[in-house]
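The stops below go from the whole chain to single residues.

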Amino acid sequence: SEVVVPAPGNEPTVRRVGAGRIDTEVIAEATALLTRHADGTVAVVSVESSRLRGVFLKNGWRQTEEPYVLRDNAGRRLSVLMPVMARGLEFDGVVVVEPSDFPENLGRAGQLYTALTRPNKELSIIHCKKLPRELKGRGNRLG
C-alpha cells in the first residue's frame with residue numbers, strides 16, 4: 001500500500017544517519033521545525049517515545065503539566081508521542097523516527113501511516129535502519 005504524504009506538493013525530508021547520531025538529529029530536526037512553525041504545533045512520533053522524552057530532558061527540555069509535552073528554554077512546546085497516541089491529532093510539523101520499527105497490523109503499516117499523516121505542513125523522517133518498502137524512493141534525501 002502506498003503511503004500518502006501531507007500537503008500535496010510537500011515531499012517529506014528523509015535523513016539517514018548513523019545509529020549513534022539519531023538522538024542528536026531528532027532533537028535538531030524538532031528544534032528546526034519549532035523555529036519554522038513558531039506559532040504552530042510540532043511533534044516527534046516514535047515507538048520509543050519514552051526513551052526519546054528522556055533524551056530531550058537530558059538536553060535541557062522540561063516536562064510540562066501535560067504528560068507527553070515538553071518545553072524548551074524559550075517556552076516552545078513539543079509533543080513526543082507513540083504512534084497510537086498521535087491518532088486523530090494534527091501538527092504543523094512532525095518528525096517520524098525510525099519508521100522500520102513501527103509494527104505492522106495484519107500486513108499493513110497502520111501505525112506508520114498514522115504517524116506519516118499527522119503533519120499538515122511539514123514531515124521529516126529520520127532513520128538509521130533500512131526504510132520500509134512503503135517509503136522507498138520518497139522524500140528529499142538529506143545527509
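Predicted model: local features only at pLDDT ≥ 70, side-chain atom pairs only at ≥ 80, totals over all residues.

Residues are numbered from 1 along each chain as its sequence is written, and side-chain values use heavy atoms, with hydrogens and water left out.

Colour by secondary structure next. The protein has four helices and eight strands, taken as DSSP runs numbered from the N terminus (helices H or I, at least four residues; strands E, at least two). Their order from the N terminus is β-α-β-α-β-β-β-α-β-α-β-β. Of the 143 residues, 47% are buried; buried means under 20% relative accessible area, exposed over 50%, and partly exposed in between, with a 1.4 Å probe and protein chains only.

Select residues 22-36, helix H1, and residues 49-58, helix H2. Their axes come within 10 Å and cross at roughly 75 degrees. That makes H1 roughly perpendicular to H2. Here axes are lines fitted to C-alpha atoms, for helices over the stretch in contact, and angles run from 0 to 180 degrees between N-to-C directions. Angles under 35 degrees count as roughly parallel, over 145 as roughly antiparallel, 65 to 115 as roughly perpendicular and the rest as oblique.

Show side chains where the two helices meet: Asp23, Val26, Ile27 and Ala30 from H1 touch Arg51, Leu52, Val55 and Phe56 from H2.

Stay on H2 and look down its axis. Which residues of H2 are buried? They are Ser49, Leu52, Arg53, Val55 and Phe56. On the face turned away from the buried side, find the exposed residues Ser50 and Lys58. Just after H2, glycine 60 takes a positive phi of about 95 degrees.

Now select the largest nonpolar core, where Val26, Val44, Phe56 and Leu78 touch the most other members among its 20 residues. A nonpolar core is a set of buried Ala, Val, Leu, Ile, Met, Phe, Trp, Tyr and Cys residues joined through side-chain atoms within 4.5 Å. H1, S2, H2, S5 and S6 each give two or more residues to this core, and the largest share, six residues, comes from H1. Apart from this core lies another, of 16 residues, including Val14, Leu81, Val96 and Leu116.

Move to valine 42 in strand S2. Valine 42 is buried, at 2% relative accessibility. Its C-alpha is 7.3 Å from that of alanine 30, which is 12 residues away in sequence. Beyond neighbours within four places in sequence, valine 42 contacts Ala30, Leu33, Leu34, Arg77, Leu78, Ser79, Phe91 and Gly93.

Finish at glutamate 98, in the loop between S6 and helix H4 (110-116). Glutamate 98 is buried, with a relative accessible area of 6%. Its phi is near 50 degrees, a positive value in a residue other than glycine. Most residues other than glycine have a negative phi.

Technical notes: Contact = heavy atoms within 4.5 Å.
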